[in-house]
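Work through the exercises below with the model open. Try each task before you read its solution.

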Amino acid sequence: SAVKNVLALLDDVAVATHVTGPMGLPGGYPANIGAGGVELRLPPGLTREEAVSINEKAARWDGIGHIADDGTVVYTSEAAGAMAELGYPVESIAIDELPYRGQQLLRLVDDLSREEE
C-alpha cells in the first residue's frame, strides 16, 4: 500500500485509492493521489470534519484513545490493561520511542512463543 501510494505521488496521473493518514489526519480515507499531492475523495454529503470524527471514534476499537498533537499515541485504558497483562505495560507511545518499543514487543513475542512450546 505504501509503495503504491509513493509511486502514485511521483506520477502525473492521479490514482483513485485509499490512503492512511493523509495530511496528518487520523485513519484512512478514499483519495486521489498523484502529481505530488493527495486530495480526499469523500462520498457526497460527507464533510472532512465528519470523516475525521468517524475515524477518531473508530480508533477506539483499535485501542487508541487519541493521538496527541505531537503524534503520541495514547491507548484506551482497556488496551493498556490488556497489554500490561501480557507483560507490556504502556499507556502511550511517542514517536521517538518507536524503535525501543518495537524491540520490546519483539522480545515479548519471542518470550511468549517460548512459553507455548
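**Exercise 1. What do the side chains of Arg 114 and Asp 111 meet in?**

Some ground rules come first. The model is predicted, so local features need pLDDT of at least 70, side-chain atom pairs count only at pLDDT 80 or more, and totals for chains, interfaces and linings use all residues. Residues are numbered from 1 along each chain as its sequence is written, and side-chain values use heavy atoms, with hydrogens and water left out.

Step 1. Apply the criterion: a salt bridge is a side-chain nitrogen of Lys or Arg within 4 Å of a carboxyl oxygen of Asp or Glu.

Step 2. Check the distance. Arg 114 and Asp 111 meet in a salt bridge, at 3.7 Å from N to O.

Step 3. Helices here are DSSP runs of H or I with at least four residues, strands are runs of E with at least two, and both are numbered from the N terminus.

Step 4. Recall the geometry. An α-helix has 3.6 residues a turn, so residues three or four places apart point the same way.

**Exercise 2. Find the network of salt bridges that holds Arg 114.**

Step 1. Look for another partner. Arg 114 also meets Asp 110, at 2.5 Å from N to O. These two are four residues apart in α4 (residues 98-116).

Step 2. Join the pairs. Asp 110, Asp 111 and Arg 114 are linked in a network.

Step 3. The classes are buried (under 20% relative accessible area), exposed (over 50%) and partly exposed (in between), with a 1.4 Å probe and protein chains only. Asp 110 is partly exposed at 34%. Asp 111 is partly exposed at 38%.

Step 4. Complete the search. The whole structure holds three salt bridges. One of them joins Glu 97 and Arg 101, at 3.4 Å from N to O. Glu 97 is partly exposed at 26%, whereas Arg 101 is buried at 14%.

**Exercise 3. Determine which residues of α2 are buried, and what they pack against.**

Step 1. Size the helix. α2 (residues 48-59) has twelve residues and reaches 17 Å from its first C-alpha to its last. That is close to the expected 16 Å, where the expected span is 1.5 Å times one less than the number of residues.

Step 2. List the buried set: Ala 51, Val 52, Asn 55 and Ala 59. Seen down the axis of α2, the buried residues fall within an arc of 100°, so they line one face. The arc is taken over directions from the helix axis to the C-beta atoms.

Step 3. Turn the helix over. The face away from the buried side carries exposed Glu 49 and Lys 57.

Step 4. Find the cover. The buried residues pack against β2 (28-34) and β4 (64-67), with contact meaning heavy atoms within 4.5 Å.

**Exercise 4. Trace the chain from Thr 76 through α3.**

Step 1. Locate the start. Thr 76 sits in the loop between β5 (73-75) and α3 (77-85). Thr 76 is buried, at 6%.

Step 2. List its contacts. Leaving out residues up to four places away in sequence, Thr 76 touches Arg 60, Gly 63, Ile 64 and Gly 65.

Step 3. Ala 79, Ala 80 and Met 83 of α3 are buried. Seen down the axis of α3, they fall within an arc of 100°, so they line one face. On the other side, Ser 77, Glu 78 and Glu 85 are exposed.

Step 4. Name the cover. It includes β5.

Step 5. Leave the helix. Gly 87 follows α3, with a positive phi near 95°.
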